[in-house]
Amino acid sequence: LKLKIRKYETKMSGQMSEMEARAEVLKSQIAREEASMGDLKLRMEMFSNRDADGKEVDTTSALEEMQTKVAVVYKSCVGINEANLTPLQMMTAVEARLHELFETMEKMPTQQLEEAERAKDKERRQRLKDEQAEEAKRQNEERMKKALDRARAAPKKQVGRRPVYRSKPQIEMSEECAAQNQYDPDEEENRMLFS
């Protein structure tokens with residue numbers, strides 16, 4: 001009977017240790033899954049239609065704005081959208097056109113490319129210069145308008161007593177300061193000769 005009890009106890013302790021090991025494995029799996037769940041929640045929030053405060057955001061206006069920008073790029077690179085392509089198809093066409101242009105550029109002589117780059121740089125610098133001149137002109141006009149408005153405005157009357165200028169009180173020097181400020185020609189001569 002004691003032998004059976006010991007055998008049963010050893011069997012039960014083995015099963016208990018197995019169960020404890022399984023429990024530890026399950027706890028570590030739960031911790032990993034919770035970490036991945038937090039990561040997935042973060043990803044979901046990034047791609048959801050909510051802002052930082054948790055309010056719904058209208059994505060249709062953002063999509064429409066993006067579509068108009070893609071249409072503008074398509075029109076400048078490829079031409080008019082006669083086939084009523086979707087924005088994705090337009091982007092594909094722009095990419096194909098870009099590849100064509102790169103291939104054409106590789107076939108061109110380098111001197112011709114450098115000349116074209118210089119011409120484009122010159123054009124860009126001229127455009128920037130014109131924009132800066134236009135901005136300076138606009139700012140000057142605003143300044144002149146403000147000055148004219150100030151000149152046309154009625155003068156402001158000062159209300160109340162005028163502030164009276166008060167002279168500063170004399171600073172009384174201590175005897176040490178007065179002695180230091182006295183001019184001693186001998187000391188000046190020694191300083192000049194021996195320094």
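**Charge pairs along the helices**

E65 is partly exposed, with a relative accessible area of 44%. The model is a predicted one. E65 forms a salt bridge with K69, and their closest N and O atoms are 3.4 Å apart. K69 is also partly exposed, at 48% relative accessible area. Both residues sit in helix α2 (residues 59-77); they are 4 residues apart, so about one helical turn separates them.

Side chains of opposite charge can pair when their charged atoms come close. The count of salt bridges here comes to 6.

Helix α4 spans residues 110-152. In helix α4, R118 and E114 are 4 residues apart, so they too are separated by about one helical turn. R118 and E114 form a salt bridge, with the closest N and O atoms 3.9 Å apart. R118 is exposed, at 52% relative accessible area. E114 counts as partly exposed, at 42%.

E142 counts as partly exposed at 38% relative accessibility. R138 counts as partly exposed at 37%. Salt bridges with shared partners join E135, R138 and E142 into one network.

Some acidic residues form a patch instead. D130, E131, E134 and E141 make up a negative surface patch. D130 lies in helix α4. D130 is partly exposed, with a relative accessible area of 45%.

Key:
Residues numbered from 1 in each chain as written. Predicted model: local features only at pLDDT ≥ 70, side-chain atom pairs only at ≥ 80, totals over all residues. Heavy atoms only, no water. Patch = residues over 30% accessible without salt bridge, like charges linked within 9 Å, V, L, I, M, F, W, Y side chains within 5 Å. Areas by Shrake-Rupley, 256 points an atom, 1.4 Å probe, with all protein chains shown as cover. Salt bridge = Lys/Arg side-chain N within 4 Å of Asp/Glu carboxyl O. Lys, Arg positive; Asp, Glu negative; His and termini not counted. Charge placed at Lys NZ, Arg CZ, Asp CG, Glu CD. Helix = DSSP H or I, 4+ residues; strand = E, 2+ residues; numbered from the N terminus. Buried < 20%, exposed > 50% of the residue type's maximum accessible area, 1.4 Å probe, protein only.
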